[in-house]
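Please read them alongside the coordinates.

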Amino acid sequence: MARMVIAGNWKMNGLTETLAEAEGVMAGLEAAHDNADCVICPPATLVLAMANRARGSRLKVGGQTCHPAESGAHTGDISAEMLADAGASHVILGHSERRADHGESDESVAARVEAALRAGLVPIICVGETLYERDGGHTLDIIAGQLAGSLPDSLNGQDFILAYEPVWAIGTGRTPTLEQIGEVHLAIRERLSQRFGETGQSAPILYGGSMKPGNAGEILGVSEVNGGLIGGASLKAADFLAIYEAAG
Ligand code: PEP
């Protein structure tokens, strides 16, 4: 059985003062259940400061992407080793905004996953279909293709997290039906188990896309949903903690 994970993706939001929200989450976790891991992935500028403040708390800190290489002439990029050095334990890879805005292909995501493993980070690997693909009835094929291309064989025996994020549900307030979520999560679990055996059975599969305190309970109750990747609702400690509580 996979352990529950509630992960926040702050995207390009947050200044030093916003760390107060992360501190609110740390304080809330003290009194909360212990049935889930809790991660926040702030922008790169805040990883070090958040990790320093989170030391000794139950909050883990992650990056939002990393370059495949360890170092070198890649202006503006950040390596997995740099994230680990700053105190990160996780890194989101293959988010649909990175795939769309920065042309990250499945192959490039797989190379970044290798980099994360090399640096000892837990990759949170995102897959998801567009509305066009869903309306065309291609969701499961698209997901299967992304899993085949974005997950390197070296994940076998390693800790990793999968996030199913329908592109059309991200930041839109729209969510798939519980049946649609369950169908995709079951298909992902089958693929992971076939390919990675026990590792694939225990990897948490998160749902992401307009998860909020009001819908978290029912989504987290769907079979093979082992947590959430939360964007907008992770920016306020009270909302994020309410979602965390729903995972208890
Ligand atoms: C995300 O970007 O990973 C996400 C799920 O965003 P939101 O919760 O805002 O839809």
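1. The model is predicted, and the points below should be read as values computed from it. In the pairing of α7 with α8, α7 passes α8 in a right-handed crossing. Helix α7 covers residues 139-150 and helix α8 residues 178-196; they pack at an angle of about 35 degrees, and their axes are 10 Å apart.

2. On the α7 side of this contact are T139, L140, I143, A144, L147 and A148, and they meet E183, V184, A187, I188, R191 and R195 in α8. Sorted by class, the contact of α7 with α8 has 8 nonpolar residues, 1 polar and 3 charged.

3. Helix α1 (residues 19-31) has L19, A22, V25, M26 and L29 buried. Why do they lie on the same side of α1? They cover an arc of only 105 degrees around the axis, and this puts them on the same side of the helix. The cover over the buried residues of α1 includes the strands β2 (36-41) and β3 (59-63), together with the helices α2 (44-54) and α11 (237-246).

4. From α1 the contact takes E21, G24, V25, G28 and L29, and from α11 it takes A237, F240, L241 and Y244. The residues of this contact divide into 6 nonpolar, 2 polar and 1 charged. V25 and L29 of α1, both in this contact, are also among the buried residues of the helix.

5. Which residues touch the most other members of the largest nonpolar core? They are L59, L162 and I188, in a core of 66 residues. I188 is also one of the α8 residues that meet α7. Leaving aside neighbours within four places in sequence, L162 is in contact with I125, V127, L147, L151, I188, L192, P204, I205 and L206. There is a second, separate core of 12 residues, which includes I92, V122, I161 and L206.

6. Is D85 buried or exposed? D85 lies in helix α3 (residues 80-86). Its relative accessibility is 70%, and exposed means over 50%, so D85 counts as exposed. The C-alpha atoms of D85 and A119 are separated by 9.1 Å, although the two residues are 34 residues apart along the chain.

Note on methods. Residues are numbered from 1 along each chain as its sequence is written. This is a predicted model: local features need pLDDT of at least 70, side-chain atom pairs count only at pLDDT 80 or more; totals for chains, interfaces and linings use all residues. Side-chain values use heavy atoms; hydrogens and water are left out. Axes are lines fitted to C-alpha atoms, for helices over the stretch in contact, and angles run from 0 to 180 degrees between N-to-C directions. Helices (H or I, at least four residues) and strands (E, at least two) are DSSP runs, numbered from the N terminus. A crossing is left-handed if the near helix is turned anticlockwise from the far one by less than a right angle, and right-handed if clockwise. Contact means heavy atoms within 4.5 Å. Ala, Val, Leu, Ile, Met, Phe, Trp, Tyr, Cys and Pro count as nonpolar, Asp, Glu, Lys and Arg as charged, and the others, Gly among them, as polar. Buried means under 20% relative accessible area, exposed over 50%, partly exposed in between (1.4 Å probe, protein chains only). The arc is that of the directions from the helix axis to the C-beta atoms. A nonpolar core is a set of buried Ala, Val, Leu, Ile, Met, Phe, Trp, Tyr and Cys residues joined through side-chain atoms within 4.5 Å.
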